Amino acid sequence: ARHMSDPARKQRSIVEYVQRGPDIPGHHCGYCDEDDGRVANGVWAHVMTCQDYNDLIDRGWRRSGKYVYKPIMKRSCCPPYTIRCDVIGFSLSKSQKKVLKRMQRYLLMGEKTGQAAAADDADVTTSQVPAGDKASRPSDSGALKKGECAKSGNEKKSVEEFIENERGDQHKLTIDLIPCSMTDETLKASFKESYSIYVKYQVAVHGDDESEVTEKQFTRFLVDSPLASYKPDGGPPSGYGSFHQHYRIDGKLVAVGVLDILPNCTSSVYVYYDPQYDFLSLGTYSALREIYFTRQLQKQVPDLAFYYMGYYIHTCQKMRYKGQYHPSFLLCPEIYSWVPIRSCLAKLDASKYSRLDSSDAAGDEVDVNTVLVLWKRTAMPYKVFVSLGGGRSREADVREYAQLAGPIASTSMLLYLDT
């Protein structure tokens, strides 16, 4: 259901369907190294409302800069499943507590104990997922009360109790939320500094060739965003849109989290950090900080109750760590329902592609005639486009796009047609 008020609907998303048809070529997979194993449909988003993007990620889409794509999972070597965490019911694991304590000791005493713990990115097994990880949200689904912490019967410490008690006697940590736009003065002033951290991270962590990690590539990937920022009454203090979170220790930029704030969730786009601070497990720490941040937003905006972590890739051991943020759910790729990860693991062990949802529910069908298109600078339903002489030469593409985008987004966004 859509929750943004009418003023937000005055602007329309405009997209072009650029990766389409049955013969889309595959691309190199960074997870298994297969040359052409990664296959996806995609749209180029000239502009996109936050609500439309929220609707799309609930159907398995994800953005890279202004390119918004949906993997063709049955053709992909490493099928990616959209994963989200229910922040209201979130509980810390032992390894996550260790990361928070490590940061506490560093800020308080300057202690550097060891390197990033291997357990932080450990494999997920059924036994590691709490038995209470249920398909539905907790029965007490209202907003967290001020000062309230989600605790179990054994009084486990919440993420708030760790983060809100951080003291900086030796080092000071600050985190600033900055609009992701080159018109923002703070972002412009810190661009070179942020880019240099990105280069170090890509080279050290992902093994990229430094000559290929250009400012242009960085900008297209992590600075450019199609999301139209919007600041309604009753919304988050920052408004909705794309942001960079700058993590500074003693004034020095050490990590950047790229985050979209949407009507029903926050969505992590990417995180990069200075490898010199690897001992602080900044990848895990930033995820916990983003969950904490989402919990704070949820107190103000009750509908904003989930943290999306991108894709969970069961075939790639190093990507299974995302399942450690409890309770987490995977998106069924056929009927777009959310299934607790605990219920998915055996299915994914047996087959890399799985429907996930065990019900006999059928997927939705979209009437191609209702799809909104933009033709000759005029918005209209597809059936009007045909009646005005637009023809049906693009109907297969429009029908495919509509089925992938779904009945909500395809009747809200404008699909640009040039013929």
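This is a short tour of a predicted model, one selection at a time.

**Before you start**

Residues are numbered from 1 along each chain as its sequence is written. Local features here need pLDDT of at least 70 and side-chain atom pairs count only at pLDDT 80 or more, while totals for chains, interfaces and linings use all residues; side-chain values use heavy atoms, leaving out hydrogens and water.

**Stop 1: colour by confidence**

Colour the chain by pLDDT, the predictor's confidence in each residue, from 0 to 100. The chain averages 89, and 88% of the residues score at least 70. Now select residues 115-154: here the pLDDT is below 50, and beyond near neighbours in sequence the stretch has 80 contacts in the model (contact means heavy atoms within 4.5 Å). Where pLDDT is low, the predicted coordinates should not be read in detail.

**Stop 2: the sheet**

Next, show the strands, which are DSSP runs of E with at least two residues; helices are runs of H or I with at least four, and both are numbered from the N terminus. You will find an open sheet of eight strands in the order β6-β8-β9-β10-β11-β5-β12-β13, with mixed pairing (two strands pair if DSSP finds at least two bridges between them). At its edges are β6 (173-179) and β13 (338-340), each pairing on one side only. Select helix α6 (residues 215-223) as well: this helix packs on the sheet and touches β8 (241-249), β9 (252-262) and β10 (265-273). The direction of α6 makes about 155 degrees with that of β10 (axes are lines fitted to C-alpha atoms, for helices over the stretch in contact, and angles run from 0 to 180 degrees between N-to-C directions).

**Stop 3: strand β5**

Zoom in on β5, residues 81-86, where six of six residues are buried (under 20% relative accessible area with a 1.4 Å probe, protein chains only; exposed is over 50%, partly exposed in between). Tyr81, Ile83 and Cys85 point one way, and Thr82, Arg84 and Asp86 the other. In a regular strand the side chains alternate between the two faces of the sheet. Five bridges join β5 to the antiparallel strand β11 (residues 306-312), with Tyr81 partnered by Tyr312.
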